[in-house]
Amino acid sequence: MNTTQNKTQKNSSLAIWLGLTGLLTLIGIAAWIVQLVKGIGITNQSNLEPWGIYIAGFIFFMGLSAGSLVLAALPVLFDLPKFRPYAKIAAFVALIALIAGGLFILVDVGKPERLWRLVRFAHLGSPMLWDLLVTIVYLIISTLFLRRLMGSSKTDGMLKVLAWLALAAGIADMVTGFVFATQVAHAFWYSAVQPISFFVAALGSAGAIILLVMVVLKASGKVALDCCDLQPVVNLTAIALVIDLLLVASEIITLAFTRSVNSLELVRFMVASPLYWFEVATGLIVIVLLLLPATRRVPSWIAFAAVLALVDLAVKRFLFIQMGFAEPNIQYAGVAIAPSRAYIPSLVEWGLVIGLVGLFTLLLVIGFRTLRLSAEQKA
Amino acid sequence: MASKHYVIVIDTEACIGCHTCSVACKVENNLSDGKWWNRTLTVGGNGMDTPSGIFPNLQMGFITLACQHCENPACIKVCPVGATYKDETTGVVMQDYDKCIGCRYCMVACPYNGVRQFNWQAPVYSTGFPVGSADAPVHQQSTVEKCTFCAHRLAKGEQPFCIDVCPSHARAFGDLNDPNSEVSKLLLRRAHFQLLPEKGTNPSVYFLT
């Protein structure tokens, strides 16, 4: 194959990526316009389930961002030259995921035109404001860190400081967990395990996205990888998913053992939900694929496991929101203030979710194309 | 501490489950279609107005559920912009519609599910014209709203409308900080309970048994 042909092929594959993700983004924009015109009532959220898939998407992308920051910081802090190629890519993913996460909040609030009040009338006691402050810190640190990483290939003092800050900001993903874990009204959320569980899921999803990005970039010739270069990230992702499943088991055991009516109803709801078993099953499959010697070194298997891990952790976030509202504290019969059916996202909600996932991928593709994120490898 | 601590005391022995307080609230506050700040709930049965138990050992009871105006309100703690707040002079938990950004965190935080309601659409009225008090709150799309103990009536020295309309005199309203008030005396004399005391919210709505 001569170089011209090679180049044409690469350009056409880029065009396909851009076209596809661009189309998904347009679907999202259309869905948002519909929601702005018709009101947020176009979603299937209700007075009894006031939060839905947007908040699940927010948690997922905040976790992706935080976990990626941790992954970006580690090779700098512990001087692991082999992992330096991940650092820039992970820092870039962190930034883009943060943007996607923030947009999920923008589309969720009823009055986006009033969001400035979060600054003007900030109520510092609200866990939501803690989360907002952490988000702003993420944004600043990941931007500075990425710039510094791209500026020099050596580890200097300033980069080390930024890496420590990035690590701390990544661990602060637990603050998103506090938005829920402080809520006495919801038996499933009101648990000290949730912030830890958020952080573990964050690491797992970040590991998975880095694996996926690296395999895809390798296929496109943007990074040169030896067979075993991905193994540390493979291990980390597998460990995160093992701990995640252990925490799921811990959740169900503690809920079942208290034997309060609400908790038992929650356990019943959980084991009756196909999504719950999907979460457990995909988690197990990912762990096996990432640990089995026959599959853990094969890029195509790694990519498959990574996609499955991302789906698994996204489903986990959706279930987390659903479980929070599964058992109302007061269940006496009266006039209806919400539809009696369970929450399933509406077409517009799906459109916006697809759009934001598309935008996330689009920004990644553009970034990998235009920023010198993998120049180190080529040199 | 609030100089006054307004509470509502509801006699579950006297309540006949007629929904008059619920409908009166809806009219007085000009609530749009689908909004119920105060709901009459049937305790026990599977549906509204159905008894619990097996014939002939049947029982029927009611509670009315509205904002509990808690002393330790979960909603106020979580609001990121301070749109929900406690009126210092009355102890009433209020909602500032002009400040609310519509994030619905207060609805999520409140253990008494459904007492806070969101205007998912622009308010629609089946009557086609506004009803109730001329100084009733103006409802806004995409904001959270709830019972205010009829703050507009309190300001005029009146009681909440649900108290006035109850045909069986099951509801009483007053200042718990005043030992001579009707509500203080009722709570001294009669056995009573609050809803979900284990949540630590300390509601200002009491039920006599």
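Contact here means that the C-beta atoms of two residues, placed from the backbone, lie within 7 Å. Before going further, please keep in mind that this is a predicted model, in which local features need pLDDT of at least 70, side-chain atom pairs count only at pLDDT 80 or more, and totals for chains, interfaces and linings use all residues. Residues are numbered from 1 along each chain as its sequence is written, while chains are lettered from A and ligands numbered from 1 in the order in which they are written.

Together with A:Ala72, A:Ala90, A:Ala91, A:Ile210 and A:Leu211, A:Val93 is among the residues with the most contacts inside the largest nonpolar core, which has 166 residues. Helix α2 of chain A, residues 53-77, gives the most to this core, with 18 residues. Such a core is a set of buried Ala, Val, Leu, Ile, Met, Phe, Trp, Tyr and Cys residues joined through C-beta atoms within 7 Å. A residue is buried if 20 or more other C-beta atoms lie within 10 Å of its own, exposed if 12 or fewer, and partly exposed in between, with C-beta atoms placed from the backbone.

Now for chain A as a whole. Chain A has 14 helices and 0 strands; helices (H or I, at least four residues) and strands (E, at least two) are DSSP runs, numbered from the N terminus. The radius of gyration of chain A is 21 Å, close to the 21 Å that the globule rule gives for 379 residues, so chain A is as compact as a globular protein of that length. That radius is taken over C-alpha atoms, and the rule is 2.2 Å times the number of residues to the power 0.38. The C-alpha trace of chain A spans about 75 × 45 × 45 Å along its principal axes. Of its 379 residues, 44% are buried, and among contacts with a separation of 6 or more, 81% come from residues 24 or more positions apart.

The axes of α8(A) and helix α7 (residues 174-181) of chain A come within 8 Å and cross at roughly 140 degrees. Axes are lines fitted to C-alpha atoms, for helices over the stretch in contact, and angles run from 0 to 180 degrees between N-to-C directions. This crossing of α7(A) and α8(A) is right-handed; a crossing is left-handed if the near helix is turned anticlockwise from the far one by less than a right angle, and right-handed if clockwise. By class, the contact of α7(A) with α8(A) has 7 nonpolar, 3 polar and no charged residues. Ala, Val, Leu, Ile, Met, Phe, Trp, Tyr, Cys and Pro count as nonpolar, Asp, Glu, Lys and Arg as charged, and the others, Gly among them, as polar.

α8(A) also packs against helix α12 (residues 299-324) of chain A, at an angle of about 145 degrees and with the axes 8 Å apart. The crossing of α8(A) and α12(A) is left-handed. The residues of α8(A) in this contact include A:Gly204, A:Ala208 and A:Leu212, and those of α12(A) include A:Ala303, A:Ala306 and A:Leu310. This contact of α8(A) with α12(A) has 14 nonpolar, 2 polar and 2 charged residues.

Chain B has 6 helices and 12 strands. A compact globule of 209 residues would have a radius of gyration near 17 Å, and chain B agrees, with 17 Å. Buried residues are 46% of the 209 in chain B.

Some backbone details in chain B are worth a look. A cis peptide bond, with omega about 5 degrees, joins B:Phe55 and B:Pro56. B:Phe149 has a positive phi of about 55 degrees although it is not a glycine, and B:Phe149 counts as buried because it has 25 C-beta neighbours inside 10 Å. B:His169, also not a glycine, has a positive phi of about 50 degrees; B:His169 is exposed, with 9 other C-beta atoms within 10 Å.

Finally, the two chains meet. The contact takes 46 residues from chain B and 32 residues from chain A. β2(B) gives the most to the side of chain B that touches chain A, with 5 residues. By class, that side of chain B has 25 nonpolar, 16 polar and 5 charged residues.
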